[in-house]
Amino acid sequence: MRLYGKVCVVTGASRGIGRAIAERFVAEGAAVAIGARGRGALEAAAKALAGGGSEVLARPVDVSVAASVQAFADAVLARFGRADVLVCNAGVAARARVVDTCEKQWDEVVDVSLKGTFLVTRALLPAIEAARGRVLVISSIAGRQGTAGSSAYCAAKHGLIGFARALTEEVRQAGVLVATICPGSVDTEMLPPEFHPGMPAARVADVAAFLASEAPRELTGSIIDLFG
Ligand code: NAP
């Protein structure tokens, strides 16, 4: 029960990696707040998580829209009064060569991953600082290497590392640990069939649970490559 008494917020937790992280946090005794856009999948995830005996708040959010994020953060703080761990996980991918990438695709990928992480962090950081808590950013192997046909995704995921590096320095004195996880292929809906099989989402959750709990604060600023 490494997270007993903690309030953990996970974006993009209706399925895939975010849901696996939320499940692990519940297994470790945390209360969790989860967000995603689709209400049906979010409510199904919340129902399953509540079976683990923890308090669960599920609230629809579009992380790329500031007003939606503020309403999500307000709901979390109204319900729990605190936030100890934030996992910025929501993301979308698009596959197209640069010359075939339209502006809308570029904006969606960058706005959800990069701007979304900024907006959610901005909204919840005062609470995380008050708790001397932790912020985990889910980047990707695409934040470490380039892949043809993934320019928007690679740009957003590289950008997240820069964001986390700056954030690390801003909150160091407040005792907040910031860490970035860069998974390789993970078996979720996002992974194109040609990359299957990847690792189970539970492997990412293992690392997230460690970083959210007993990882020493000296690990702040770490970028964890989870692609072997
Ligand atoms: P996934 O199965 O497609 O799940 C994505 C989650 O994010 C869903 O809950 C989705 O729900 C939510 N989401 C998408 N857009 C959102 C928005 N605008 N606002 C709020 N929530 C939103 O993807 P995944 O594979 O678990 O990916 C999770 C994270 O891990 C992403 O950041 C991804 O880039 C990263 N990652 C994935 C892999 C991989 O191989 N799968 C590898 C490295 C990194 P709604 O659509 O209902 O909003």
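Modeller: A polar contact is a pair of N or O atoms within 3.5 Å, and the structure discussed here is a predicted model.

Colleague: Which residue has a side-chain N or O atom 2.5 Å from an oxygen atom of the ligand?

Modeller: A polar side-chain atom of lysine 157 lies 2.8 Å from an oxygen atom of the ligand. The distance of 2.5 Å from a ligand oxygen atom belongs to the side chain of threonine 188.

Colleague: How much of the accessible area that the ligand has on its own does the protein cover?

Modeller: On its own the ligand has 880 Å² of accessible area. Among the 30 residues around the ligand, those that come nearest are Ser14, Arg37, Asn89, Tyr153 and Thr188. The share of the ligand's area that the protein covers is 95%.

Colleague: What radius of gyration does the protein chain have, and why does it agree with a compact globule?

Modeller: Because a compact globule of 228 residues would have a radius of gyration near 17 Å, the value for the protein chain can be set against that expectation, and it agrees at 16 Å.
Buried residues make up 52% of the chain, and the C-alpha trace spans about 50 × 40 × 35 Å along its principal axes. The radius of gyration asked for is 16 Å.

Methods:
Residues numbered from 1 in each chain as written. Predicted model: local features only at pLDDT ≥ 70, side-chain atom pairs only at ≥ 80, totals over all residues. Heavy atoms only, no water. Near = heavy atom within 4 Å. Polar contact = N/O pair within 3.5 Å; in protein donor to acceptor, adjacent residues only side chain to side chain. Areas by Shrake-Rupley, 256 points an atom, 1.4 Å probe, with all protein chains shown as cover. Rg over C-alpha atoms; globule rule 2.2 N^0.38 Å. Buried < 20%, exposed > 50% of the residue type's maximum accessible area, 1.4 Å probe, protein only.
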